[in-house]
Amino acid sequence: MQLHINTASRTPIYKQLIEQIRSGIARGDLQAEEQLPSVRQVSKDLVINPNTVARVYMELEREGVLNTRPGLGVFVANKKVELMKRARDDRVIEMLDRFLTEAVHMGCTRKDVESLFSKRLGQFQWPE
């Protein structure tokens, strides 16, 4: 997976990278146990401060998305089974509420949203 940044975006660089990694995992582009490029390599490739990349990796590790193996590097973590269903559901509902609020304010109909949502569902890798 190739990471990139949009310097014209108002979204901070570290948030852009976090979302790309999360999206890569959700779509199956990044698999469990797959090694990510080193902090040094990403900072060199994107011409950004290594501390920014370290912050991204540290935040995703704190969330359980990545794990660091001393002397080996940073890897995609196995899916967290211990994340309680209730906490997960609450987080998804919160994200859906933000999304739906925005869709309503943009003038989307319920049918528009359902159609777009259905199309996008097929583009992600779902656990069995």
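**One residue and its surroundings**

Author: Leaving out residues up to four places away in sequence, I21 touches M1, L3, L30, L36, V56, Y57, L60 and L66; contact here means heavy atoms within 4.5 Å. The model is a predicted one, in which local features need pLDDT of at least 70 and side-chain atom pairs count only at pLDDT 80 or more, while totals for chains, interfaces and linings use all residues. Residues are numbered from 1 along each chain as its sequence is written, and side-chain values use heavy atoms, with hydrogens and water left out.

I21 belongs to the largest nonpolar core, which has 19 residues. Such a core is a set of buried Ala, Val, Leu, Ile, Met, Phe, Trp, Tyr and Cys residues joined through side-chain atoms within 4.5 Å. Buried means under 20% relative accessible area, exposed means over 50%, and partly exposed lies in between (1.4 Å probe, protein chains only). The core members that touch the most other members are I21, V56, Y57, L60 and L66. At least two core residues come from each of α1 (13-27), α2, α3 and β2 (73-76). Helix α1 gives the largest share, five residues. In soluble globular proteins, nonpolar side chains tend to be buried together.

The helices and strands named here are DSSP runs numbered from the N terminus (H or I over at least four residues for helices, E over at least two for strands). I21 is one of the α1 residues in the contact with α3. The axes of these two helices come within 9 Å and cross at roughly 45 degrees. The axes are lines fitted to C-alpha atoms, for helices over the stretch in contact, and the angles run from 0 to 180 degrees between N-to-C directions. Helices α1 and α3 are therefore oblique to each other; angles under 35 degrees count as roughly parallel, over 145 as roughly antiparallel, 65 to 115 as roughly perpendicular and the rest as oblique. From α1, the contact takes I13, Y14, L17, I18, I21 and R22, and from α3 it takes T52, R55, V56, Y57, E59 and L60. By class these residues are eight nonpolar, one polar and three charged. Ala, Val, Leu, Ile, Met, Phe, Trp, Tyr, Cys and Pro count as nonpolar, Asp, Glu, Lys and Arg as charged, and the others, Gly among them, as polar.

Helix α3 (residues 50-62) also packs against helix α2 (residues 39-46), at an angle of about 125 degrees and with the axes 8 Å apart. That makes α2 oblique to α3. The contact is made by V39, V42 and S43 of α2 with P50, V53, A54 and Y57 of α3. Its classes are six nonpolar, one polar and no charged residues.

Helix α1 also holds Q16, which counts as buried at 11% relative accessibility. Apart from neighbours within four places in sequence, Q16 is in contact with H4, I5, N6, S9 and T11.

E33 lies in the loop between α1 and α2, has a positive phi near 75 degrees and is partly exposed, with a relative accessible area of 35%. V47 lies in the loop between α2 and α3, has a positive phi near 55 degrees and counts as exposed at 72% relative accessibility.
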